[in-house]
Amino acid sequence: MLNQNIGQGEGVYISTYGCQMNVNDTERMLSLLEMVNFVPVDAPEKASLIIINSCSVREKPVHKVHSEAGKYRQMKEKNPRLRIGVGGCVAQQEKAKLLKDVPVLDFVFGTDAIDQLPELVARAYDTNEKVVSARFENEKPYSVETLVRNPGVSTFVNIAKGCDNFCTFCVVPFTRGRERSRTLKELVSDINALTARGVKEVTLLGQNVNSYESDCGADFATLLETVARDTSIERIRYTTSHPKDFDQHLVNISAKYRAKICDYIHLPAQSGNTEVLARMNRGYSREQYLEKVKMIRDGIPGVILTTDLIVGFPGETAEQFMDTLSLIKEVRYDNIYAFK
Ligand code: SF4
């Protein structure tokens, strides 16, 4: 049986890189570690347990882990109780290699091993052995309870994890595994529990929310409708949408429950050129993307529309880049997140 006092009231510090999914994962890690008597602290110097929740998306991700872990070497020499672990996408990719390359580390855990964290930390303390857990769990549906320590008015709720799309520029299918959705029933009960704790707004999270599919066959639009109709949550946001899966049903539900479902849609185009989109394996052409924009604007007048764009995708010509500029002019986004 797991020792409920692994932390002995000492501090845990987590440094978080990357997206909202990682921010949400950090909250889950802290909730789990509080249950075994760790106390979250705001500086590594105050901690007996340090976790780097890593991200693979931006430049030199492995180097960032090496360099942050390196900063803790002296602290570890002075504090024999200090344990240091790495989670997140770099941990999932590198696995045991990280332990070999960064000797100061005690444990490495992948994106599907978060719920094992108290057990892994206990092993790191009790046996002093280096621990790795980075296997993907593939059973469907994926089942969790949202863990939030002090929910404010707004909180994240994971509806699905992983991605099956394999866009050629993206590492997520390799770091988060195959796509798996939580059940509609579990999500409704989770959101009811959050509203009972005072939460007014939820952001439904998934790598591609539009491909959500409950065990009962409910799609993402049905999930939104059920949450809007059957729970007392006041506002619903979601991220991220994939243009190829954004359909009329979702537009209709968004329009019908506009009082609850935020009329803000992030629709990542990535490029305005069909050839580049094909090389990105995005599953839509420029024309099909523009049709989706029209469908959304016709169904939800005044909707806020934002996008992601990649500039300088390998092999992109100046002419192809001009197509992205013309897409921007044609769509007239409310905001753009551009990456190169
Ligand atoms: S849909 Fe999103 S998460 Fe999935 S591979 Fe493409 S960019 Fe990555």
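The dialogue below goes through a predicted model, from its overall form to single residues.

Visitor: What should I know before I read the model?

Guide: The model is predicted: local features need pLDDT of at least 70, side-chain atom pairs count only at pLDDT 80 or more, and totals for chains, interfaces and linings use all residues. Residues are numbered from 1 along each chain as its sequence is written, and side-chain values use heavy atoms, with hydrogens and water left out.

Visitor: How many helices and strands are there in the protein?

Guide: Helices (H or I, at least four residues) and strands (E, at least two) are DSSP runs, numbered from the N terminus. Here the protein has 13 helices and 14 strands.

Visitor: What radius of gyration does the protein have, and what would a compact globule have?

Guide: The radius of gyration is taken over C-alpha atoms, and the globule rule is 2.2 Å times the number of residues to the power 0.38. For 340 residues a compact globule would come near 20 Å; the protein has 21 Å, which agrees. The C-alpha trace spans about 60 × 50 × 35 Å along its principal axes.

Visitor: How many of the residues are buried, as a percentage?

Guide: Buried means under 20% relative accessible area, exposed over 50%, and partly exposed in between (1.4 Å probe, protein chains only). Of the 340 residues in the protein, 55% are buried. Accessible areas come from the Shrake-Rupley method with a 1.4 Å probe; for residues, only the protein chains shown count as cover. The accessible surface of the protein is about 15600 Å², and 51% of that belongs to carbon and sulfur atoms.

Visitor: What covers the buried residues of helix 9?

Guide: Helix 9 (residues 220-230) is mostly covered, with 8 of its 11 residues buried. Among them are F220, L223, L224 and E225. Their cover includes helix 8 (184-196), strand 10 (201-205), strand 11 and helix 10 (248-256).

Visitor: Is S31 buried or exposed, and what does S31 touch?

Guide: Contact means heavy atoms within 4.5 Å. S31 sits in helix 1 and is buried, because its relative accessible area is 6%. Not counting residues up to four places away in sequence, S31 touches L147, V148 and R149.

Visitor: Where does T239 lie, and what does T239 touch?

Guide: T239 lies in strand 11 (residues 235-239). T239 has a relative accessible area of 13%, so T239 is buried. Leaving out residues up to four places away in sequence, T239 touches Q20, T203, L204, L205, G206 and V209.

Visitor: Which residues line the largest cavity?

Guide: Rolling a probe the size of a water molecule over the atoms shows where empty space is left. On a 1 Å grid over the protein atoms alone, a cavity is a set of points where a 1.4 Å probe fits but cannot get out; lining residues have an atom within 4 Å of a point. Grid points are joined across faces, edges and corners, and a volume is the space filled by probe spheres set on the points. The structure holds 1 cavity of 30 Å³ or more, and the largest cavity has a volume of about 40 Å³. I236, R237, Y238, I261, C262 and Y264 line the largest cavity. Strand 11 gives the most to this lining, with 3 residues.

How values were computed: 1 Å grid on protein atoms, 1.4 Å probe; cavity = no way out; pocket = protein on both sides within 12 Å on 5 of 7 lines; lining within 4 Å.
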